[in-house]
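Please examine the sequence and the structure shown below.

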Amino acid sequence: TKTYLTGIQTSGMPHLGNYVGAIKPALEAAESNDTLYFLADYHALNSVKDPEKLRHDVRSVAATWLACGLDPERTLLYRQSAIPEVFELATILSSVTAKGLMNRAHAYKAARDRNAEAGVEDLDAGVNMGLFNYPVLMAADILVMAADVVPVGRDQRQHIEYTADIAGSFNHIYGSSYAFPIPRGAYPEGEGSMLPGIDGRKMSKSYDNHIPLFLPAGRLKKLVRRIPTDSTPVEAPKDPDSSAVFQLLSHFADEERTAAARKRLEQGGMGWGELKNELFEVLDATFGPMRERYDALMEPGSELDGILADGAARARERARATLARVRSAIGIA
Ligand code: ATP
């Protein structure tokens, strides 16, 4: 069987768009594959320098995935930082990685371009070595688990190609003793349908138009009320598809309920306020039970830390096995 591996960014609580576009499909895929998910806490360290925030975000993202239905018996969930072999392998891989490859990495080049645009003389200003080395660490994340398939967004394509390149360099030199399986990326088909945020644009943390997954009911209600709508009177016919409220409803309500709302909007007789109440009800019914599970997992002393420790212990067996072979191949052991 093939091994699937995906890193999860730990930047705060995911929103409804992340749930629809990333979490739900990932959990569905995990039902039929040998799957590993890791929380990329050392990747986060490059940008997060607030220890309390880092600590909280990692637990929050882990609790979110578990509350959404990740089954830790079937699917290994672990913190990157709990696998020291990742960092040892990153050091080893550095010795077979051309610096020029890193110079061409999109994230690094983008940082330099931003400096150039802003007229900053030193194009590397604000770039730490963590950002520069990111592709090597990511290659280590993947290769240490001998993953075959890496389901990721299209923006990660270059990192997967780099991982294959770096593995290829290693295999070229040491392949007669140990060769990494060359992983391939699995990218989402097409663009997918993007969930709108409360201002109608794509829901995104960067636009600050997002609805976090697990808000207390009162705050969820307030956010839903803030979605702008026009002032068409209640009795007038409306175009459901022009409204972010309706688009959100159709994502989370069953077909019958969506069809009924569509009909009433098109015929006139349903106001935006009522539609918002429906949306709130549907969101609260969908995510309420998950929110309770999330809150329980976030309590100090919950089973969360045990689940992560268990995932790490099982993942580490794989990592140890890889490192033993790699160390022997390179002449360190
Ligand atoms: P940022 O604004 O910080 O870039 P984001 O909120 O847009 O973050 P990403 O980190 O870009 O989220 O995306 C994480 C995952 O969630 C990706 O797989 C992406 O396809 C999915 N995703 C993000 N926003 C949406 C959305 N509005 N609809 C559907 N899927 C989404």
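Strand β1 (residues 3-8) pairs with strand β2 in the parallel sense, over 6 bridges. An example of this pairing is tyrosine 4, whose bridge partner in β2 is threonine 35. The model in which these features are seen is a predicted one.

Strand β2 (residues 34-39) is mostly covered, as 5 of its 6 residues are buried.

The view may now be widened to the complete chain. The protein chain has 13 helices and 5 strands. Its C-alpha trace spans about 80 × 50 × 35 Å along the principal axes. Of the 333 residues in the protein chain, 33% are buried. Contacts in the protein chain between residues at least 6 apart in sequence may also be considered: 77% of them join residues at least 24 apart.

The protein chain is divided into two parts, domain 1 (3-193 + 302-330) and domain 2 (217-295). The C-alpha centres of domain 1 and domain 2 are 37 Å apart. Where the domains meet, 5 residues of domain 1 are in contact with 4 residues of domain 2. On the side of domain 1 that touches domain 2, the largest share, 3 residues, comes from helix α3 (residues 51-67). By class, this side of domain 1 has 4 nonpolar residues, 1 polar residue and no charged residues.

Individual residues complete the picture. Alanine 146 is not a glycine, yet its phi is positive, at about 50°. Alanine 146 is found in the loop between α7 (129-144) and β4 (149-151). Because alanine 146 has 16 C-beta neighbours inside 10 Å, it counts as partly exposed. Aspartate 208 likewise is not a glycine and has a positive phi, of about 55°. Its place is in the loop between β5 (184-186) and α9 (217-225). Why is aspartate 208 classed as exposed? A residue is exposed if 12 or fewer other C-beta atoms lie within 10 Å of its own, and aspartate 208 has 9.

Glutamate 281 provides a further case, located in helix α12 (residues 272-298). Since 15 other C-beta atoms lie within 10 Å, glutamate 281 is partly exposed. Although glutamate 281 and alanine 253 are 28 residues apart in sequence, they are 9.5 Å apart in space, C-alpha to C-alpha.

Definitions and conventions
Residues numbered from 1 in each chain as written. Predicted model: local features only at pLDDT ≥ 70, side-chain atom pairs only at ≥ 80, totals over all residues. Domains from an automatic or database assignment. Contact = placed C-beta atoms within 7 Å. Helix = DSSP H or I, 4+ residues; strand = E, 2+ residues; numbered from the N terminus. Nonpolar A, V, L, I, M, F, W, Y, C, P; charged D, E, K, R; others polar. Buried ≥ 20, exposed ≤ 12 C-beta atoms within 10 Å, placed from the backbone. Pairing = 2+ DSSP bridges.
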